[in-house]
Amino acid sequence: MKIADTFNFLTKLNPRKVYNAAAVLSSYYMARLTRKPVQWGLPFNLSIEPTTQCNLGCTECPSGLKSFTRPTGNLNKEFYTKTIDEIGNKLIYLYFYFQGEPYIHPHFLELVKYAAAKKIYTVTSTNGHFLTQRKALETVLSGLDRILISVDGTTQEAYEKYRVGGNLEKVLEGTRNLVAAKRKFKSKTPHIIFQFLVMKHNEHQLNDIRKLAEDIGVDEIKIKSAQVYDYANGNDLIPTLSNYSRYEKLSNGGYRIKNALLNHCWKLWHSCVITWDGRVVPCCFDKDAKHQLGDLNSNSFNNIWHSNNYKAFRTSILQSRSKIDICTNCSEGTKVWV
């Protein structure tokens, strides 16, 4: 199944996109070598936020906890198409997710169709509660290339401990609907992934989630380490299996992140995040958009990407990444084997 997904991904490439990606990669290594914010080309990986709304109350999620200090709302279709028109010819990978549940956006699959028509590899992440038979069929027809469905437990008890307000059986039913829709249309897309966040209360279900995915017909399993905000003094979510944890226990009983926080970050060169209202932020760890590098409502993406604000932020990464708050709990470079 991964082979089919890889082949599909490769069909999205063309000389212009490959040249841009090569320029971005070259500038990243030049920046690391010179310790200067060299940046060539435009990002080939973009996350865009369809909505900040969510039907669940996940315990470590600002969307679920309704704890944002930034404005909340839904992505405007006209603004979205304008943005994609500006940078879509360089984009390889478009991730419809930042915070919130994408399927709550009333025109979510229309957004996907627009990007898919431009031969951009489209991805989304969902909690799986909206995949009715009809919505599953519409998802397949939209051209969505990949979908990650969060299944953080194989029993309702384990699942709802983190996915507060969620219904595991509804998620599994939605996944079955999507598998059936793919078969109905004889479609290889979307590539369906079960994403499993490993936590203390579900770490014993790793073999069970693999079996469950196989039984349903899911294409792939993605085992992921969980991010915890308040980890220094321990947290009930931190798994006991160290290989699946972003944090390591210290001799004094406290915890620290395994990340060495080296002074470089690939994300800052090849990708960024656009919030529902057009703010450009460095990456997915800036959930409350504290480090706004530009506003697409008043400036072009190209100008923002090469702006003094972006140069200053890249410089700060190259000088001392450990002093940037959103970097201190980042998984980029963390030694976690999953």
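Which residues line the largest cavity? Before turning to that selection, please note that the model on display is predicted.

**First stop: the cavities**

The structure contains two cavities of 30 Å³ or more. To view the largest cavity, select C265, L268, C283, F285, F313, I317, R321, I326, C327 and C330, which form its lining. The volume of the largest cavity is about 60 Å³. By class, its lining comprises nine nonpolar residues, no polar residue and one charged residue.

Next, select F79, K82, T83, E86, L296 and N299, the residues that line the second largest cavity. This second largest cavity holds about 40 Å³ of space. Its lining is made up of two nonpolar, two polar and two charged residues.

**Second stop: a pocket**

Now display Y229, F285, K287, D288 and K290, which lie nearest the centre of the second largest pocket. In total, 17 residues line the second largest pocket, and its volume is about 330 Å³. Seven of the lining residues are nonpolar, four are polar and six are charged. F285 is one of the residues nearest the centre of this pocket, and F285 is also among those lining the largest cavity.

Select residues 108–116 for helix 4 and residues 133–142 for helix 5. The two helices pack at an angle of about 20°, and their axes lie 9 Å apart. Because angles under 35 degrees count as roughly parallel, helix 4 and helix 5 are described as roughly parallel to each other. Helix 4 crosses helix 5 in a right-handed sense.

To see the contact itself, show L109, V112, K113 and A116 on helix 4, together with K135, E138, T139, L141 and S142 on helix 5. This contact includes four nonpolar, two polar and three charged residues.

Definitions and conventions. Residues are numbered from 1 along each chain as its sequence is written. This is a predicted model: local features need pLDDT of at least 70, side-chain atom pairs count only at pLDDT 80 or more; totals for chains, interfaces and linings use all residues. Side-chain values use heavy atoms; hydrogens and water are left out. Axes are lines fitted to C-alpha atoms, for helices over the stretch in contact, and angles run from 0 to 180 degrees between N-to-C directions. Helices (H or I, at least four residues) and strands (E, at least two) are DSSP runs, numbered from the N terminus. Angles under 35 degrees count as roughly parallel, over 145 as roughly antiparallel, 65 to 115 as roughly perpendicular and the rest as oblique. A crossing is left-handed if the near helix is turned anticlockwise from the far one by less than a right angle, and right-handed if clockwise. Contact means heavy atoms within 4.5 Å. Ala, Val, Leu, Ile, Met, Phe, Trp, Tyr, Cys and Pro count as nonpolar, Asp, Glu, Lys and Arg as charged, and the others, Gly among them, as polar. On a 1 Å grid over the protein atoms alone, a cavity is a set of points where a 1.4 Å probe fits but cannot get out, and a pocket is an open set with protein on both sides within 12 Å along at least five of seven lines; lining residues have an atom within 4 Å of a point. Grid points are joined across faces, edges and corners, and a volume is the space filled by probe spheres set on the points.
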